[in-house]
2 protein chains.
Amino acid sequence: MTEAIPRQGRKGERTRSRILDSAMELFSRSGFHAVSLRDIAAHAGLTHAGLLHHFPGKDSLLIEVLSRRDEIDAKVMSRPDPGDLLGRVVDQVTRNMRTPGLVGLYVKISGEAADPDHPAHQYFVERYQRLRRQGARLLSELFNRASPPLPHDPDAVSQQLIALIDGLQTQWLLEPEAVDMRASVVAFLSQLGLDVPPAHAEPDPPHHP
Amino acid sequence: MTEAIPRQGRKGERTRSRILDSAMELFSRSGFHAVSLRDIAAHAGLTHAGLLHHFPGKDSLLIEVLSRRDEIDAKVMSRPDPGDLLGRVVDQVTRNMRTPGLVGLYVKISGEAADPDHPAHQYFVERYQRLRRQGARLLSELFNRASPPLPHDPDAVSQQLIALIDGLQTQWLLEPEAVDMRASVVAFLSQLGLDVPPAHAEPDPPHHP
């Protein structure tokens, strides 16, 4: 569905997008608290007032940054070819391993957000509800498709898989060389009787220029 | 091994212990950053200067609070009767469910501590190294004792189990009624073929006064 957007609206969208790119980059690099709205404005080539015209404050920018990454992830996960869903979960973990700053941001903010007064509290409550639901749907399909069907409870395993990925991130951020997040997720799935396609189970081959 | 401790030394130990109790209680309730050394001194019935005589600052108090909880946990885990080790892991999760403030403190601080400059960074790196090692030893024994022995890799499963428990805490703190940490850990172990003794697998019976 494409609607005609007036020229001014398109320009506004581009500026918002540029601000979000800057915020994501700076939050990921230095964490939420260490970055000011002025830093983000300068990085996006705007004045402080110019930024405030698009976002009322740092809290709302944070929620937009977190939500936008969810949208990108959701797009990747909803591509056709459901047979390869499991591989895509593993690829998601691999992509995370290339963006430690962003992963660190999630780990830090989700830890703070247990406090009901935190600006991202409701965002994280709803995010985990959604992830558990989506994971259970996906796992239910995979358990039924296996031959013979696997007897696990999709809701329980979905919660475990999400917790596993989160907990691995904490260990990996502290000591990257001691934790292979991809291998650990592949091992967990294989203990359940789910086999990850080899193309996804192995790390990328080294680049030869 | 009991050594004769001079009276002054015993009094010093008691005061240190009282300060640590106060710090643990206040950090757990309000988080590390929101609590001042003055708050802790007042709670322990000391002056600010009196507290500084025992601990040079808030960072060192934090490390002591975190370490002391590890010591208590280690004592519980090293009791005789190794046959019941698995039940004790589950009981540990149950104890955590009674102290959301302390769990929240761990989740928050471990998220912050990915930063190498954080005062608790080295503490958490070493803590996870130790936990992975201890978990692997315990799991290796349990896998070998099973009949027939279970073919899992103890190191890999140890890392997964620790990650699972950590990740469950994040979801549980955000939405306690949606996450039964104990049931989730029991399900994970049972998927591996490890059966938790029923006394530990079920929640405590309700109290009848």
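Is B:Glu25 buried, partly exposed or exposed? B:Glu25 is partly exposed, with a relative accessible area of 40%; buried means under 20%, exposed over 50% and partly exposed in between (1.4 Å probe, protein chains only).

The model is predicted, so local features need pLDDT of at least 70 and side-chain atom pairs count only at pLDDT 80 or more, while totals for chains, interfaces and linings use all residues. Residues are numbered from 1 along each chain as its sequence is written, chains are lettered from A in the order in which they are written, and side-chain values use heavy atoms, without hydrogens and water.

**View 1. B:Glu25 in its helix.** B:Glu25 lies in helix α1 (residues 7-30) of chain B. Helices are DSSP runs (H or I, at least four residues), numbered from the N terminus.

**View 2. Where chain B meets chain A.** On each side, 36 residues are in contact (heavy atoms within 4.5 Å). The two chains bury about 2900 Å² between them, 58% of it on carbon and sulfur atoms. Buried area is the accessible area (1.4 Å probe) lost on putting two parts together, summed over both.

**View 3. A salt bridge across the interface.** B:Glu175 pairs with A:Arg132 in a salt bridge, the closest N and O atoms being 2.9 Å apart. The rule (a side-chain nitrogen of Lys or Arg within 4 Å of a carboxyl oxygen of Asp or Glu) finds two salt bridges between chain B and chain A. On chain B, α6 (100-112), α7 (121-145), α8 (154-174) and α9 (181-191) each supply at least two residues that touch chain A. α8(B) gives the most, with 13 residues.
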